Amino acid sequence: MTNDVWSDRAQAYVESDAHRSGEDLDQMVAWAEGARTALDVATGGGHVARRLREAGLEVVTCDPAPGMRPDVICRAESLPFADGAFDVVACRTAAHHFSDPAVALREMARVSRDRVVIVDTLFMGEDVEEAERVRDPSHVRNYTEAEWRAFVEEAGLTLDDVRFSEHTIDFGAWLARTGCGGEDAERVELLLGDRVADGRLTLDKLALLAVKGF
Ligand SMILES: C[S@@+](CC[C@H](N)C(=O)[O-])C[C@H]1O[C@@H](n2cnc3c(N)ncnc32)[C@H](O)[C@@H]1O
């Protein structure tokens, strides 16, 4: 094991059913239509990059965890790319781990020529936040729709589309990916209440398309 939790978990995120597929990935690909180049920020297991490449885009991946084998090792808050370097900048299911999502979105807007596409888990209340932190101490915070709208505005982007969905995943696999078991797992299940049913966990998701200019 390394001291880098994300590198230690890399294979679990490559293989994760919860990350490999989903309507949110289809939506991201649809929003990237007509673009030639893309940056996949916080690529993790590389699922956004794979789907965008299948759609014909040239994709660069980045992530701070070397074990995720990104093309470029960097944090979203400090992207080592030129202004307007990519037609589309995409970031899926990762911003809730960023220390400063507002700065990260500003960076994504800077390196984008045209569009920024974000998917993340929505804020579902303080009990869910605590459950997320017990399950994974690297969880920082899920944000509300209003907070996301503010990040978009502060980054100088214009919100073009926003979609909401429910993502239902295997609860045991979700716990196992971060090595959460025993009393911690029991506490997480209690905090999540009726979001867990029949071994499945339902999370609220937001997908947004933001564009440069007005
Ligand atoms: C849940 S995984 C990403 C999932 C992936 N985007 C997908 O669609 O399957 C979260 C990723 O965020 C990365 N990460 C954590 N903090 C970060 C930061 N400050 N900037 C960029 N990436 C970060 C982790 O290394 C990890 O690979």
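This is a predicted model: local features need pLDDT of at least 70, side-chain atom pairs count only at pLDDT 80 or more; totals for chains, interfaces and linings use all residues.
Two strands are said to pair if DSSP finds at least two bridges between them. By that criterion β5 and β8 pair, since they are joined by 7 bridges and run antiparallel.

**Strand β5 and its partners**

- Of the 10 residues of β5, 8 are buried, so this strand is largely enclosed by the rest of the structure.
- The chain reaches β5 from β4 by way of helix α6, which spans residues 101-111, and this β-α-β crossover is right-handed.
- Strands β4 and β5 pair in the parallel sense, with 6 bridges between them, and the bridge partner that Phe86 finds in β5 is Ser112.
- Where β5 and β8 run antiparallel, joined by 7 bridges, the bridge partner of Ile118 in β8 is Leu208.

**Helix α4**

- Within helix α4, which covers residues 23-31, the buried residues are Asp24, Leu25, Gln27, Met28 and Trp31.
- An α-helix has 3.6 residues a turn, so residues three or four places apart point the same way.
- Asp26 and Ala30, by contrast, are exposed on the other side of α4.
- The elements that cover the buried residues of α4 include helix α5 (47-54) together with strands β4 (86-92), β5 (112-121), β6 (157-170) and β8 (200-212).

**Surroundings of the ligand**

- There are 22 residues around the ligand, and those that come nearest are Trp6, His19, Ala42, Gly44 and Ala76.
- Sorted by class, the shell around the ligand is made up of 10 nonpolar, 8 polar and 4 charged residues.

**His97**

- His97 is placed in the loop between β4 and α6, on the path by which the chain crosses from β4 through α6 to β5.
- Because it has 18 C-beta neighbours inside 10 Å, His97 counts as partly exposed, the threshold for a buried residue being 20 or more.
- When its neighbours within four places in sequence are left aside, His97 is in contact with Ser138, His139 and Val140.
- His97 and Val211 are 114 residues apart along the chain, and their C-alpha atoms are separated by 23 Å.

Key: Residues are numbered from 1 along each chain as its sequence is written. A residue is buried if 20 or more other C-beta atoms lie within 10 Å of its own, exposed if 12 or fewer, and partly exposed in between; C-beta atoms are placed from the backbone. Helices (H or I, at least four residues) and strands (E, at least two) are DSSP runs, numbered from the N terminus. Two residues are in contact if their C-beta atoms, placed from the backbone, lie within 7 Å. A residue is near a molecule or strand if its C-beta atom, placed from the backbone, lies within 6 Å of it. Ala, Val, Leu, Ile, Met, Phe, Trp, Tyr, Cys and Pro count as nonpolar, Asp, Glu, Lys and Arg as charged, and the others, Gly among them, as polar. A crossover is right-handed if, with the strands pointing away from the viewer, the path from the first strand over the helix to the second runs clockwise.
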